[in-house]
Amino acid sequence: MFTSSRRRLERHNHVSDDDVLRFVDGELEGGRSADIRGHFETCWKCRTRMLDFENTIVHFVHFQQKLSERTIPPITGPLAQLKARLEARVQERRAKPRGVFPFPVLSLSAAAVFVVVLAVIFLQLSNRPASRALRSYAFEPVPVLTPGQAVSISRQQVCSSDSTTTPRVAAPALRKRVFEAYGMANAPEQDFEVDFLITPELGGAETMRNLWPEPYYNTVWNAHVKDQLEVRLRDLVCSGQLDIRTAQRDLSDGWVAAYQRYFKSQAPVRDQTPVALLFAFFKQP
Amino acid sequence: MSDVPDSVALDQFVAVRLEETRSETLDHIGNEVTALFSEFRGRILRYLICLGLSVQDSEEVVQEVFLLLYQHLRENRARTNLRGWLFRVAHNLGLKKRMGTLRTNGQDSEYFLLATDAAPSPEEQVLMKQQQKRLSAVLGALPEQDRSCLYLRAEGLRYREIAEVLSISLGSVAQSLARAVKRLNHVYQQ
């Protein structure tokens, strides 16, 4: 018994190209698929078109396979590289303390006292001078080396981008070149983020002209503080209060001054809750 | 259409790959990521090359994709349709990389793959070059969306996965693919 759509197919002839391909790819629902199969049984033209499509797909896939056999390098090297980079991350994680409290059980009052004591220690330590090892390196981007560089990007792209899909980590070869350019080839790499002067979320390019080694710790204006500014600028762009070019220029002209302007504060704004202070304390090297 | 959920299908081949790639120095998620890398690296690399990136740039993007995957899984984020996630992240990073290359070099490296291949025998070389030339022309004339749909489908993605990767509707995927296949069909008909 013919369904109405099948009768329509027979009467008016021919399946659309979209549906032929959907049929070939198994992307049609059962009823529709059966209707079209029935039509192919009676219509040589559509059946030929379906076979043409299938042959085209076969040719294209063979062609791609031949090309990739000769173009794609073996996996051994890249797999070893990925393992090494993952191992570094695993070790980094293992080196960090696992929990906020080192003791399994603390009463609420003891925990409160503990928090207050550590907060005082933290506030004192936060004012300590930078260590000798890190003090010898530049903490601000050098304009000649890192003037900032951006690619064309729309507000829609900025506001629709998912932070997990944005490249936050520069390629290893590029990172190495940035360290060398800043005369820091032997610097402890784990203490620095090779950061984008103009953040990729706002169209910052992944080039030497937009990257510099920014310290995580031991300076007031560190990578974590800059992250706050980047989030603020993106929010302002997405809420229509700031255009993208101004946000890019604010970052490239001097992000510290921009921070002070946008946060209306001469010093980085800290989260002053006890838990945040405690957490920050444990993040100190 | 396959009734097997992506997560189940993924778990099956991850289990197989895990035996081949397991490392004592990695944690569980690290081993899972390397297993997924073994399974998907070739497909993602090929897609990125087809997007117009050089092999070297594509390798770098693939590394970034899997480092982001490690971060993604470590943070206990969604595991549904990881294949779609991998291609979506690769697509976005690939476009950014290509944009950067365009700015740096001032030229489009698209169709790098088609232009640099060398066939081993003279006959094959001639045949391949003729076909390359025709294909390059047709692929180059396709709208970017149609081309991306074609390459993603060639890597085994279902229509709904392609729609997610490119952030377009299911109907647009079907139309793009039909257009692309029809134009390629003309090449093979000649």
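Is B:N81 buried, partly exposed or exposed? Let us begin with that residue and then look at the wider structure.

## A first residue: B:N81

B:N81 is partly exposed, because 18 other C-beta atoms lie within 10 Å. The scale works like this: a residue with 20 or more other C-beta atoms within 10 Å of its own is buried, one with 12 or fewer is exposed, and one in between is partly exposed, with C-beta atoms placed from the backbone. B:N81 is found in the loop between α3 (55-74) and α4 (82-105) of chain B. Its phi is near 50°, a positive value in a residue other than glycine.

## About the model

This is a predicted model, in which local features need pLDDT of at least 70 and side-chain atom pairs count only at pLDDT 80 or more, while totals for chains, interfaces and linings use all residues. Residues are numbered from 1 along each chain as its sequence is written, and chains are lettered from A and ligands numbered from 1 in the order in which they are written.

## The two chains

Chain A has 12 helices and two strands. Helices (H or I, at least four residues) and strands (E, at least two) are DSSP runs, numbered from the N terminus. Read from that end, the elements of chain A run α-α-α-α-α-α-α-α-α-β-β-α-α-α. Of its 285 residues, 25% count as buried. Two residues are in contact if their C-beta atoms, placed from the backbone, lie within 7 Å. Among the contacts in chain A with a separation of 6 or more, 74% are between residues 24 or more positions apart.

Chain B has nine helices and zero strands. Buried residues make up 43% of its 190 residues. For contacts in chain B with a separation of 6 or more, residues 24 or more positions apart account for 63%.

## Where the chains meet

Across the interface, 43 residues of chain A are in contact with 49 residues of chain B. On the chain A side, α2 (17-24), α4 (44-71) and α5 (76-95) each supply at least two residues. α4(A) gives the most, with 14 residues. By class, this side of chain A has 21 nonpolar, 11 polar and 11 charged residues. Here Ala, Val, Leu, Ile, Met, Phe, Trp, Tyr, Cys and Pro count as nonpolar, Asp, Glu, Lys and Arg as charged, and the others, Gly among them, as polar.

One helix pair is worth a visit. α4(A) and helix α9 (residues 170-189) of chain B pack at an angle of about 80°, with their axes 9 Å apart. That makes α4(A) roughly perpendicular to α9(B), a label for angles of 65 to 115 degrees. The contact is made by residues including A:F53, A:I57 and A:F60 of α4(A) and B:V181, B:L184 and B:Y188 of α9(B). By class, this contact has six nonpolar, four polar and one charged residues.

## More places to look

α5(A) has 20 residues and reaches 28 Å from its first C-alpha to its last, close to the 28 Å expected at 1.5 Å a residue. Two of the 20 residues of α5(A) are buried, so this helix lies largely in the open.

In chain B, B:T34 is in helix α2 (residues 28-51). B:T34 is buried, with 26 other C-beta atoms within 10 Å. The C-alpha atoms of B:T34 and B:F66 are separated by 8.1 Å, although these residues are 32 residues apart along the chain.

Conventions
Expected span 1.5 Å × (residues − 1). Axes fitted to C-alpha atoms, helices over the stretch in contact; angles between N-to-C directions. Parallel < 35°, antiparallel > 145°, perpendicular 65-115°, else oblique.
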